[in-house]
Amino acid sequence: VKDKQLNWLKNDLWRKSNIVDIIISLCSRYNLDYKETAYTLLICLAESGFNPDAAAGTTSAAGLAQYTKDTANAFRKRAKELIGVDIDMRGNNVFDATIGSYGVLVAFLFNKELAINWGFKPSDEKYWQLIYMLHHDGPGYYNDDRGKQRAYNFKWRKDAIRAYERIFKQKLVVLTGAGISAESGIKTFRDSDGLWEGHDVM
């Protein structure tokens, strides 16, 4: 039994790391910066824990970004408008890891656009909170001003607030590879003005 559990855990970790890689690749392809990429990953973590088979049970929400049937139906048009790709998330497609990764990206981009159109700025913490709340709580998908009013009043469902505080308010440690430091404003070691230039190593 322990061997089976260990194999399941290894496969689960491998699958989730692949999903993280897909999302990061998509964010890079569509020119999201590091903070936006991290936030897109956190949306996926909060909604499904990087599990493409996740299903809410109490609603029709399913897949990596927990799209409901209504939002899955609207996704195809949004994907075409925002990233120029024709993707169908209806039916069992919502459980496809690659399609779900596109779903997470489009959720971020769509709600980011709403936040900007409604006057919120990236320098404001509420801007970042709004992007997630609109996705989780749903008003971003309304065709009238209900979402806008809830955004201004910052009144959200309790489960949305709990999810936000559980994932987005925690201190995180991120292990990354080479190439992340310079674009994040951290000096590299070997460049002409790198960290080693300020130290006599002899």
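These are my notebook entries on a predicted model of one protein chain.

**Ground rules**

I number residues from 1 along the chain as its sequence is written, and I leave hydrogens and water out, so that side-chain values rest on heavy atoms.

**Entry 1: the whole chain**

I found seven helices and zero strands, and along the sequence the pattern reads α-α-α-α-α-α-α.

I then looked up burial, where buried means under 20% relative accessible area, exposed means over 50%, and partly exposed lies in between, with a 1.4 Å probe and protein chains only. Of the 202 residues in the chain, 39% count as buried. The chain exposes about 12,600 Å², and carbon and sulfur atoms supply 52% of that area, as computed by the Shrake-Rupley method with a 1.4 Å probe, where only the protein chains shown count as cover for residues.

For contacts, meaning heavy atoms within 4.5 Å, I noted that residues 24 or more positions apart account for 53% of those with a separation of 6 or more.

**Entry 2: the nonpolar core**

Which residues have the most contacts inside the largest nonpolar core? A nonpolar core is a set of buried Ala, Val, Leu, Ile, Met, Phe, Trp, Tyr and Cys residues joined through side-chain atoms within 4.5 Å. The largest one has 51 residues, and I wrote down Tyr39, Tyr67, Leu130, Tyr132 and Phe168 as those with the most contacts inside it. The elements that give two or more residues to this core are α1 (2-29), α2, α3 (69-83), α4 (97-117), α5 and α7 (158-167), and α4 gives the most, with eleven residues.

**Entry 3: helix α2**

Helix α2 covers residues 34-48, and its 15 residues reach 21 Å from first C-alpha to last, close to the 21 Å expected at 1.5 Å a residue; the expected span is 1.5 Å times one less than the number of residues. Eleven of the 15 residues are buried, so α2 is largely enclosed by the rest of the structure; among the buried ones are Glu36, Tyr39 and Cys44.

After α2 comes Gly49, whose phi is positive, near 65 degrees.

**Entry 4: helix α4**

I checked the length of α4 in the same manner: its 21 residues should span 30 Å at 1.5 Å a residue, and the end C-alpha atoms are 30 Å apart, which agrees. The helix is mostly covered, with 15 of its 21 residues buried. At its start, a side-chain oxygen of Asp96 reaches to within 3.0 Å of the backbone nitrogen of Thr98, and Gly119, with a positive phi near 95 degrees, follows the helix.

**Entry 5: salt bridges**

How many salt bridges does the structure hold? Taking a salt bridge as a side-chain nitrogen of Lys or Arg within 4 Å of a carboxyl oxygen of Asp or Glu, I noted six.

In one of them, the side chains of Lys112 and Glu36 meet at 2.8 Å, N to O. This pair links distant parts of the chain, since Lys112 is in helix α4 and Glu36 in helix α2, 76 residues apart. Lys112 is partly exposed at 21% relative accessible area, whereas Glu36 is buried at 9%.

In another, Arg76 meets Asp86 at 2.7 Å, N to O. Arg76 lies in helix α3 and Asp86 in the loop between α3 and α4, so the pair ties together parts that are ten residues apart in sequence. Arg76 counts as partly exposed at 33% relative accessibility, and Asp86 counts as partly exposed at 48%.

I also noted a salt bridge between the side chains of Asp159 and Arg157 (3.1 Å, N to O). Elsewhere, salt bridges that share partners join Arg76, Asp86, Asp88 and Arg90 into one network.

**Entry 6: Gln129**

Is Gln129 buried or exposed? Gln129 is found in helix α5 (residues 125-137), and at 16% relative accessibility it counts as buried. Leaving aside neighbours within four places in sequence, Gln129 is in contact with Tyr39, Phe154 and Tyr164.

Terms used. Predicted model: local features only at pLDDT ≥ 70, side-chain atom pairs only at ≥ 80, totals over all residues. Helix = DSSP H or I, 4+ residues; strand = E, 2+ residues; numbered from the N terminus. Polar contact = N/O pair within 3.5 Å; in protein donor to acceptor, adjacent residues only side chain to side chain.
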